Amino acid sequence: MSSKNNREQKLLLFLSKSQDYITSVDIAKKINTSQKTVYRLIKEINAEYENGSLIISEKGRGYKLDYEKFINYQKRNKKCTGDVFSPHERRKRIMEELLISSPKPINIYHLFSHYYVGDSAVSNDEQIMSEELKKYNLILERKNRKLAILGEEINIRKAIKDIIEIFNIIDLDDLKSNQELNFNKYDVLFILDQLRHIEKDLNITIPYPYNVNIFSHLYILLSRSRKNPTLLFTDTVSHREMENMKRNNNLYQVAKSTINHIEQYLTNILPEIEVYFLYQYLVSSRMQGDFGKTSTFSSEVNQVTKVYIDEMSARLGINIENKSIFIDLANHIKPMLNRLEHKIRIKNSLLSQIKLTYEEIFSGVTKVSELVSKKFNLPVINDDENGFITLYFAKIIETSQHQRPIKILIMCTTGIGTSELLKAKVAKQFPELEIVDVVASRNIQMFKEKYADVELMLSTVHIEDKIHIHSLLVSAMFTMDDQKRLQRKIEEIYHER
């Protein structure tokens with residue numbers, strides 16, 4: 001991200017945290033720049049937004065965000081694409097093409113002809129791409145005016161997942177209709193069907209972002225298998241790994257069935273280790289439903305969870321002893337440990353907002369994670385994971401005060417931690433509301449019959465369908481501005497009564 005874009009993001013996030021107007025002086029101090037730069041950034045942000053000013057100004061008071069526009073701006077900004085590519089974007093696109101086709105070499109002219117660059121730029125790109133690929137133990141080979149990426153299949157897929165950024169920001173609800181994402185629509189429909197089968201067979205829901213991770217894994221598998229129909233892996237599943245899978249027979253059978261469906265779809269036999277890889281993604285995912293919940297954990301999960309609770313209790317100055325809190329966090333820690341072991345990374349799309357909104361909690365969690373890694377000899381726990389854990393402790397603080405039980409439905413696509421945190425924030429600030437459920441946006445049609453007496457839908461996503469009740473679009477972080485707009489909406493409903 002360029003320094004300009006970084007400053008714009010800091011400015012927007014800082015304004016999103018405030019309930020009122022903020023002066024340019026205070027903004028400049030917060031994002032560590034000059035007032036003149038603040039004025040320029042605000043002007044550029046508003047010029048980029050098509051539907052009026054994203055940042056509102058009032059003489060003598062300063063600046064504030066139009067929050068509903070901001071929420072939609074964030075979604076649109078993540079998905080937009082352009083025809084002009086920076087050198088960084090150009091290299092990423094070329095690496096994408098080489099990785100998907102690996103180890104097949106591609107002509108250099110074919111790779112670079114769309115970007116209209118000279119030989120010196122091509123040579124410079126090769127050097128930079130080569131260094132980037134070394135992080136994944138991959139080699140960029142040049143031979144006979146052709147380039148190819150060489151290395152182990154597991155490293156190629158990891159590089160694809162990291163380098164093709166769209167896999168980290170897609171919204172599964174948009175995949176079938178959003179043409180800008182440039183996915184193979186038949187593969188998309190097939191994989192979404194497989195996800196539905198997995199959820200049905202296990203009687204669970206796989207929330208965001210875990211469903212995106214599994215989708216990405218399967219989409220990459222299809223893309224690689226189609227480009228390289230011969231066996232991609234020479235590895236086999238060891239006896240110990242097979243025994244471990246069979247101990248969790250439900251997940252193993254679902255993984256096996258899904259790979260079998262993929263073989264039929266591709267009309268090609270896949271190596272047995274593909275079942276093992278999919279199993280690892282399933283066992284590393286948080287699940288909603290009876291199958292995904294447990295109150296019995298391994299010794300390591302219990303110990304790691306206890307360290308987080310004990311250390312964060314001391315750092316936050318609160319006593320955390322509730323058994324349900326322990327179980328809730330442990331149910332997150334369990335798949336997290338699997339992710340660390342198998343080097344599966346879950347992208348946290350709300351990380352910047354979490355860092356800004358819960359700065360103290362995030363800082364504490366980061367330090368505790370360093371302690372946990374050393375104490376239990378674990379890989380480094382990254383900021384994405386720290387952001388998810390932060391939400392659990394933020395929820396504890398939000399629910400620490402007594403709540404009085406009027407009817408509301410919360411709709412999210414952002415997963416268990418975030419949706420439960422939003423639920424806790426709403427319950428704390430508006431005890432007169434009765435939150436009957438938190439639902440996924442893809443289930444909007446179901447709620448019309450199931451929740452007939454609900455009067456208000458609070459949603460973090462824009463509702464396209466016509467619904468018979470009041471609705472309000474809010475940020476997943478439920479800012480002060482969201483709270484003020486919700487208060488007005490409540491008063492409107494009371495007036496109608």
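P103 lies in the loop between helix 5 (87-101) and strand 3 (106-107). Helices and strands here are DSSP runs numbered from the N terminus, helices being H or I with at least four residues and strands E with at least two. Residues are numbered from 1 along each chain as its sequence is written. This is a predicted model, in which local features need pLDDT of at least 70 and side-chain atom pairs count only at pLDDT 80 or more, while totals for chains, interfaces and linings use all residues; side-chain values use heavy atoms, with hydrogens and water left out.

Back to P103. The peptide bond that leads from S102 to P103 is cis, and its omega is near 5°. Another cis peptide bond links Y208 to P209, with omega about 5°. P209 is placed in the loop between helix 10 (185-202) and helix 11 (210-227).

Now to phi. Most residues other than glycine have a negative phi. N144 is not a glycine, yet its phi is positive, at about 55°. Look for N144 in the loop between strand 4 (139-143) and strand 5 (146-150). F478 is another residue other than glycine with a positive phi, near 50°. F478 sits in the loop between strand 9 (470-473) and helix 22 (480-496).

Which of these side chains is buried, and which exposed? N144 is exposed, with a relative accessible area of 68%. F478 is buried, at a relative accessible area of 1%. Buried means under 20% relative accessible area, exposed means over 50%, and partly exposed is in between, with a 1.4 Å probe and protein chains only.

On to the whole chain. There are 22 helices and nine strands. The chain has 497 residues, and 51% of them count as buried.

Next, the cores. The largest nonpolar core has 41 residues, and I214, F215, I262 and L282 are the ones that touch the most other members. Such a core is a set of buried Ala, Val, Leu, Ile, Met, Phe, Trp, Tyr and Cys residues joined through side-chain atoms within 4.5 Å. Helix 10, helix 11, helix 12 (239-247), helix 13 (249-266) and helix 14 (273-283) each supply at least two residues of this core. Which helix gives the most? That is helix 14, with nine residues. Apart from this core lies another one, of 36 residues, with I309, L316, A330 and L350 among them.

L282 is worth a slide of its own. If we leave aside neighbours within four places in sequence, L282 is in contact with I198, I214, L251, V254, A255 and M287. Contact means heavy atoms within 4.5 Å.

How many residues of helix 14 are buried? The count is 11 of its 11 residues, and helix 14 is mostly covered. The buried residues of helix 14 include I273, V275, F277, L278, L282 and V283. E274 and Q280 are buried in helix 14 as well, and so are the tyrosines Y276, Y279 and Y281.

What covers the buried residues of helix 14? The cover includes helix 10, helix 11, helix 12 and helix 13. It also includes helix 8 (153-163) and helix 16 (323-341).
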